[in-house]
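Open the model in your viewer and keep the selection tool at hand. We will go stop by stop.

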Amino acid sequence: MGSTLDTSGLATPRAAGLPRRMGRFNRWDTPWLNPKLLAGVALLLVILLSGLLGRFFWDTDLAFSGKAPLNLPPVGFVNTRGQAGTWEHPLGTENSGRDMLALMIVGAPNSFLVGVVAAGVGMTVGVILGFSAGFIGGRVDDVIRLLSDVTVTIPSLMVLIVIQSLMRQVDLTTMALLIAVFAWPTPTRLIRAQVLSMRASGYVHMARLSGASTWAIMFREILPNLTPYIFASFIGNATGAILAAVGLETLGLGPQRVPTLGGTIYFAINAAALLRNMWWWWGLPTLMLALIFIGLLLINLGFDEIANPRLRRSSQ
Amino acid sequence: MSHSTSMTEANAPVLRVRDLRVYYETPKGDVLAVDGVDLDLFEGEALGLVGESGCGKSTAAMGILQLVNPPGRIVGGSVELGGRDLLKLSEEEVRQIRWTRLALIPQGAMNSLNPTMRVASQIEDVIVAHEGAQRKAALRLRILELLRRVGLPERVYDLYPHELSGGMKQRVCIAMAIALNPRVIIADESTSALDVVVQRVVAQTIQRVRHDLGMAMIMIGHDMGLMAQMVDRIAVMYAGKVVEVAPVRALFAAPRHPYAQLLIDSVPTLRERKPLRSSEGITHDPRNPPPGCIFQLRCPHVMDVCRSAAPRLKRVGPGQWAACHLYAEPAAEGGRHE
Amino acid sequence: MGRYSIGFIAQRLGIFLLTIWIAASVIWLIPRLAPGDPISAMIMRMSSSGGRVENADKIIAGWKERFGLNDPLPVQYVRYMGNLLRFDFGYSLAHFPTPVADIIGLALPWTLGLLLVAVTLAFFIGNFLGAIMVWGRTPGLIRAVIPMFMIFTSIPSILAAIFLIYVFAFLLEWFPLAGSYPLGMKVELSWRFISAVIWHATLPALSVVLVNFGYWTLGMRGMMITVEGEDYIQLARAKGLKPFYVLYRYLVRNAILPQITAFAITLGSLVSGQVLVEYIFGYQGMGNIIFAAITSQDFPVIQGASFMLIVITALAVLIMDLTYPLIDPRISYERN
C-alpha cells in the first residue's frame with residue numbers, strides 16, 4: 001500500500017547497554033564539547049602560553065640568581081623587613097635574588113615538558129607492550145603481565161630517589177625518562193585489556209577471514225578504536241609524571257641548573273620560608289602547580305564523562 | 001481454557017490497569033513508550049502480553065510494578081490491585097505490596113541475581129524483609145521446599161549465581177517469586193534468553209507452579225508459539241497501545257486487528273507454507289505518533305477515518321476486543337471491559 | 001569454597017618475592033654502575049658536598065670487610081641478598097657506626113601508624129561520599145558541597161601539606177609546626193603522650209586524606225552508577241526490600257569490589273605521597289630520615305629505607321590479594 005514513511009528524525013533507540021567503545025556518537029549530542037574538558041584545556045593553554053610567550057616580554061635571565069634585591073614581596077605587599085614590592089619584580093623575589101615572575105615563566109613549561117615526555121615515552125612503550133601482550137598472548141603475555149604487576153606495586157618515588165640521589169647532575173629530560181620507566185604499566189594493562197576484548201569481537205574475525213595480516217588488523221582495525229582510550233590515559237599519565245617530578249624536585253633531587261617549580265619550593269622550604277612568612281616564595285609555585293593539576297583533572301573528568309554518558313546525566 | 005470469557009463481567013479483575021502512560025524523556029521530546037494501555041487480569045488466569053521489540057510491553061510491566069527509572073516516568077493512568085490504585089500509594093506502601101501481592105520473574109536471569117550473595121540468602125532476604133525475622137531452621141526448610149518446587153537440587157541452596165546455568169538461574173527467580181505467595185506474578189520474557197531445550201523446562205516449571213499455587217500471571221514475550229501453549233488470553237500491543245485482546249484460540253483462529261493478523265500470519269506452521277511477508281517494525285517516530293490510529297502507516301486496510309480518529313477497544317467477539325475502525329461499535333454494551 | 005588452593009597462594013607469594021627481589025637487585029645495582037667501589041664513591045661524594053666524614057679510612061675498611069667488597073661481584077650480590085634477609089643494611093655514613101637498621105627501626109612505626117590511619121580514612125571517607133552522592137535520598141546541599149572538596153584531589157599531597165602547615169600551623173597556630181611529638185616529651189603509653197601524638201599527626205594525616213579521598217569518591221560514584229543500572233538492582237527494588245538494605249547489600253557491596261582492586265594498585269603512590277608529607281612536616285617517620293639522608297648523602301640509609309618501604313607496600317598488596325577472594329565469590333581460590 002502507499003504509505004509514506006516518515007523517516008526524518010527517527011529516534012535511534014538507545015541500547016540497554018551503553019557503548020563501550022567510543023567510536024560513534026549520537027547525532028544530537030556533541031560530547032566533545034564537554035564543559036569540564038573545555039575548561040581544563042583552556043586553563044592549561046593559558047598557563048602554557050604565558051610560559052612560552054612570557055619570555056618575549058620578560059627577562060628570563062632573572063630566573064637565575066643574582067641581580068635582584070633579595071626577598072621582595074609581590075607588588076602591593078610589604079615583607080617582614082618593611083620593604084615593599086615593586087613593579088620591577090611584580091611577583092617578588094627570593095633569597096638568592098631570583099625573580100619570581102621569571103621563575104614562573106620558565107618553570108611552568110618545564111613541568112609540562114616533563115609531563116609530556118614522560119607520559120609520551122611511557123605510553124609508547126605501554127602501547128607496544130600492551131599490544132604484544134594482548135595479541136601474541138602466551139608466554140609473552142605472561143611475562144609482560146608479571147613485569148607490569150611488579151612495577152606497579154613498587155612505589156616509584158622510592159626507586160627514583162635511590163637513583164637520582166646518586167646522580168650528580170640530573171637534567172630535565174633524564175628525569176622525565178626515569179619517570180617514564182614507571183609510567184608504562186598502566187597503559188600496558190589498559191591496551192592489553194582492550195586488545196583482548198577486541199580480538200574476540202566480530203569485526204576482527206571478519207578481517208581475519210578476509211585474509212588480513214596481523215599487522216593490518218592491528219593498525220587498521222584495532223588501533224583507531226583505541227585512540228580515545230589512549231588520549232584519556234595520556235592525561236592521567238602526564239598527571240602522574242608531573243606529580244613524581246614535583247616530588248623529586250621538592251626533595252632537592254631535581255635538575256639543579258634548570259629552574260623548576262618544585263625546585264623553587266625546595267629552596268623555599270630549606271630557607272624556612274614558611275616561618276619567615278615569605279608566602280610568595282612557596283605560594284606562587286604551589287598555586288601554579290595546583291592550577292596545572294586542576295586543569296589536568298578537569299580534562300580527565302571531561303574524558304570520563306565523554307566515555308560514560310551515564311555520568312553526564314548525573315552531573316546535570 | 002476459555003472459561004474466563006464467560007466470567008468477564010461476573011468477576012472483578014484482580015489487577016486492573018487503565019490508561020497507563022509511561023513516557024521517556026529525550027532531548028528532542030518524549031518517547032511515548034506506553035500510551036494509554038488498558039488491561040484486566042482475572043483471578044488465576046494467565047494473560048500473555050505480546051508484541052514486537054519496542055512495542056512497550058516490558059515498559060508497561062515496569063509501569064505496573066512502579067519500577068520506571070529516569071529518563072522514563074509514569075505520566076498517568078491507574079493500576080488497581082485488589083481495589084487499591086498503586087500509583088496513588090506512598091513509597092512505603094508500595095514497598096510493602098511488592099512481592100507479597102505482586103511479584104516479578106525477570107528476564108535475562110543472566111544478571112538478575114546479586115553476584116555476591118548465595119541463592120539462599122537472596123530468597124531469605126525477601127522473606128525476612130516482609131515477614132520479619134524468623135527461625136533459621138524453619139526458613140531453611142521453607143527455602144529448600146521452594147527450590148524443590150521448581151525442580152532444583154538441594155545443593156543450589158549454597159551456591160552463588162555464577163555457579164549456576166542460565167536455566168537454573170531462571171528457576172531460582174521463579175522460586176523467589178513464589179516465596180511469598182503473591183496473587184499476581186509478572187513474568188517478563190522469562191524464557192527468552194535460554195536455548196530451546198532449557199526453555200521448555202522453564203516453561204513447564206512455570207506452568208506447574210501456576211497450577212499448584214493458582215496465582216494470576218502476566219506473561220510477556222514475543223514468541224507466539226510458546227505463548228500459545230502457556231496462556232489463557234493474549235493481549236497484543238503495538239507502539240505503546242493494546243490493539244487486541246482475545247482468548248488464545250480465538251486469537252489464533254480469527255485475529256481481528258490487522259496487526260494481530262500480521263503476527264499470527266508470521267507464526268510458522270507445519271501444515272502450510274506461508275509466503276515470507278517482510279514487515280518493517282515500528283515505522284513512525286515514537287516521539288511523534290501520527291494522529292488517529294497508531295497502526296495507520298503499516299495497515300493494509302487503512303481508511304480515511306483511521307488518520308483522524310484513534311480507535312478504542314471494541315468488543316468484536318466473545319471475550320475478544322480490538323481497537324480498529326474496521327469493526328462497528330457494538331450495540332450498547334456498557335463500559336469497556338475486556 | 002573456604003579452602004585456598006596451594007597454587008593460588010604460591011602464585012601470589014611468588015609475585016611478592018619477585019617484586020622484592022627485583023627491587024633489591026635494582027637498588028644494589030645502581031651504585032655499582034658508577035666506577036670504583038661504591039663505598040668510596042659514597043664517601044667521596046659526601047666529602048665533596050661539604051659533609052665531613054670522620055674516620056673515612058676506618059669506614060671504608062670496615063665496610064669492605066663486612067660486605068666483602070674485595071670479592072667478585074656475584075659473591076657480593078649473594079652476601080648482599082643474605083644481609084637483606086636479616087635486615088642488615090649496613091652502617092649509616094652520617095651517623096657511623098649506627099647501623100642503618102636501627103635508624104629505620106625508630107622511624108618505621110611512625111610511618112606505619114600514620115599510613116594505616118590516613119590511608120584507611122581516605123578510602124572509607126572517599127567511598128562513603130561517593131556512595132551517598134549517588135543515593136537518591138541524600139540532600140542536594142551535601143551533594144553540591146562534596147565536589148568542592150574534591151578540588152584537593154588534583155594537587156599532590158606535598159602541596160596540600162605546605163598549604164595546611166601555613167594556614168593551620170603558622171597562621172592560626174592550631175597545630176604544631178613539626179615533629180611527631182613534642183620535643184623532649186617522654187615516649188610512653190600515657191594519655192598525655194598519645195594525645196600529643198594525635199595532635200601532631202592530625203595535619204599530616206589530613207594532608208594525605210584530603211588529597212586522596214577525591215579519587216575514591218569519583219571512582220565509587222562511577223561504580224555506583226554502573227551497578228545501579230544492573231538487572232539485580234531492579235529486581236532488588238521489585239522485591240520490596242528496604243531501601244537502605246538495597247543500598248548497602250546490593251549496591252555498595254558490589255560497587256566496592258573494583259575499588260578495592262584499585263586500592264591495591266594505588267598503594268605505591270599513596271606511600272610515596274606520605275613520604276613527602278612526612279618530610280614537609282618533619283614527622284619522625286621514613287620520609288624524614290630519607291630527606292636527612294639525601295641532604296647528608298647518607299646513601300646506605302637511602303637504600304635501606306627505600307627498600308623497606310618497597311617491602312611494606314608489596315606486603316600490603318600481597319595481603320590484599322590473598323583476602324580479596326573472601327569478599328568476591330566470583331574469584332576462585334584456584335590459581336588463575
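**Stop 1: chain A**

Select chain A: its secondary structure comes to 11 helices and 0 strands. Helices (H or I, at least four residues) and strands (E, at least two) are DSSP runs, numbered from the N terminus. Along the sequence, the pattern of chain A reads α-α-α-α-α-α-α-α-α-α-α.

A word on the ground rules. This is a predicted model, where local features need pLDDT of at least 70, side-chain atom pairs count only at pLDDT 80 or more, and totals for chains, interfaces and linings use all residues. Residues are numbered from 1 along each chain as its sequence is written, chains are lettered from A and ligands numbered from 1 in the order in which they are written, and side-chain values use heavy atoms, leaving out hydrogens and water.

Colour chain A by burial. Of its 316 residues, 49% count as buried. Buried means under 20% relative accessible area, exposed over 50%, and partly exposed in between (1.4 Å probe, protein chains only). Now show the surface of chain A. The accessible surface is about 15000 Å², and 64% of that belongs to carbon and sulfur atoms. These areas come from the Shrake-Rupley method with a 1.4 Å probe.

**Stop 2: helix α3 of chain A**

Select residues 138-153 of chain A. This is helix α3, with 16 residues. From first C-alpha to last it reaches 23 Å, close to the 22 Å expected at 1.5 Å a residue. The expected span is 1.5 Å times one less than the number of residues.

Which residues of α3(A) are buried? Among them are Asp141(A), Ile144(A), Ser148(A) and Val150(A). What do the buried residues pack against? In chain A, they meet α2 (100-136) and α6 (185-199). In chain C, they meet α1 (6-32), α10 (243-281) and α12 (299-327). Contact means heavy atoms within 4.5 Å.

Stay on Asp141(A). Its side chain meets that of Arg192(A) in a salt bridge (2.7 Å, N to O). The pair links distant parts of the chain, helix α3 and helix α6 of chain A, 51 residues apart. A salt bridge is a side-chain nitrogen of Lys or Arg within 4 Å of a carboxyl oxygen of Asp or Glu. Asp141(A) counts as buried at 10% relative accessibility, and Arg192(A) counts as buried at 17%.

**Stop 3: where chain C meets chain A**

Show both chains. The contact takes 49 residues from chain C and 46 from chain A. Together they bury about 4200 Å², 79% of it on carbon and sulfur atoms. Buried area is the accessible area (1.4 Å probe) that two parts lose on being put together, summed over both. How many salt bridges lie between chain C and chain A? The count is 0.

**Stop 4: chain B**

Colour chain B by domain. Domain 1 is 15-101 + 182-333, and domain 2 is 110-180. The bounds come from an automatic or database domain assignment. Their centres, taken over C-alpha atoms, are 30 Å apart. At the join, 20 residues of domain 1 are in contact with 16 residues of domain 2. Across this interface the rule finds 1 salt bridge.

Next, select Arg18(B) and Asp40(B). They form a salt bridge, with the closest N and O atoms 3.2 Å apart. Arg18(B) lies in strand β1 and Asp40(B) in strand β2 of chain B, 22 residues apart. Asp40(B) is buried, with a relative accessible area of 3%.
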